[in-house]
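Hi there,

Here's the structure I promised to pass on to you. Have a look at it, then read on for what turned up.

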Amino acid sequence: EMSEMSERSKQNVAHGLAWSYYVGYLKIVLPRVKKSMEEFCRANPNLLACRKTWKLHILVPLNCDVYDDLEKADSNIHYVADLTETTLARAGTKKRVYKHSLYAIRGEENQLWHCAVEYATPLQSLYAMSQDECAAFSREERLEQAKLFYRTLEEILKGSKECADGYRLIAYEEPEEAEKHFLSREIVWHLQQEHHEEIAVLEGNHLDTPSTALDSAELNLQISVSDLPQPLRTDGF
C-alpha cells in the first residue's frame with residue numbers, strides 16, 4: 001500500500017534520479033576531478049590560478065531546461081578544452097570514457113573566469129517525462145521534483161567522503177523575463193565566492209558573505225524526515 005501511494009504521488013522519481021546520478025556518475029568522476037585539473041593546470045598555468053575552483057560545477061535549473069550546447073545557452077560562455085579523460089570498464093562496456101569540458105565565462109567587467117561546468121543530466125529525464133503523456137507529469141509536478149532532486153542530491157553529496165570538495169551545485173530559477181546573460185552571471189557569482197573563500201583561507205580569515213544563490217531552505221520543500229536520504233554507509237554494503 002505504501003509503495004502504491006509513493007507511485008501515485010511520484011515521490012520516488014526525484015530520489016531515484018538523484019541516487020542513480022550519484023552512484024552511476026558523480027561517485028565515479030568527482031574523486032578524479034582535482035587530478036584532471038592539476039594536469040591541465042601544469043600545461044596551462046595561467047587559466048586555473050584559483051584552486052578553490054578546481055571542482056565540477058553542476059548546473060541545476062529548476063525548470064529542467066537543459067542545453068546540450070552551453071555556448072548556445074549564453075554567448076558569454078565559451079568552450080576551451082576537455083580535461084583528461086577517465087576510462088573504465090562499466091556494466092559490460094569496455095573502455096567507457098568519462099570527461100568534463102572546461103569553459104571560459106566572461107563576467108560583466110569583461111573578466112574571464114575558467115571552470116569545468118555541466119548540467120545535471122537527470123533533469124533532462126524530468127523534462128522529458130513532463131512532455132510524455134504516459135508519465136502524466138505536470139509542469140508543477142516537474143518543478144517540485146526538480147527541487148526534491150536538488151535537495152536529495154545535496155544531502156547525498158554532503159555525506160560522501162569520496163566527493164568532498166570536488167563539486168559545487170548551482171541551483172537557480174530562470175527569471176520570468178528572459179535575460180541574455182543570466183546563466184553566465186550566475187556561474188561567475190559562484191566562481192567569485194570560491195575565489196573569496198581561497199583568499200580568506202590564505203589570510204586565515206573567516207568568510208561570512210551573504211549568498212544571493214538558492215540554497216535548500218529557499219527551495220520551500222515540504223519534506224518529512226523519513227523522505228530525506230539516509231546517511232551513506234561506509235562498510236561497503
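Predicted model: local features only at pLDDT ≥ 70, side-chain atom pairs only at ≥ 80, totals over all residues.

Let's start inside: helix 2 (residues 11-43) supplies the largest share of the lining of the largest cavity, three residues. Residues are numbered from 1 along each chain as its sequence is written, and side-chain values use heavy atoms, with hydrogens and water left out.

A few terms. On a 1 Å grid over the protein atoms alone, a cavity is a set of points where a 1.4 Å probe fits but cannot get out; a pocket is an open set with protein on both sides within 12 Å along at least five of seven lines; and lining residues have an atom within 4 Å of a point. Points are joined across faces, edges and corners, and a volume is the space filled by probe spheres set on them. Helices (H or I, at least four residues) and strands (E, at least two) are DSSP runs, numbered from the N terminus.

Back to that cavity. A search of the whole structure finds one of 30 Å³ or more, and the volume of the largest cavity is about 40 Å³. Its lining is made up of V29, R32, S36, T84, T86, Y98, K99 and H100.

Now the largest pocket, which holds about 510 Å³ of space. It is lined by 20 residues, and Y25, K99, E118, Y119 and T121 are the closest to its centre. Two or more lining residues come from each of helix 2, strand 4 (93-98), strand 5 (101-106) and strand 6 (112-119). Helix 2 gives the most, with four residues.

Which strands does strand 6 pair with (pairing takes at least two DSSP bridges)? Strand 1 (residues 56-61) runs parallel to strand 6, joined by four bridges, and L59 has Y119 as its bridge partner there. Strand 5 runs antiparallel to strand 6, with five bridges between them; here Y103 stands opposite C115.

Enjoy exploring!

How values were computed
Pairing = 2+ DSSP bridges.
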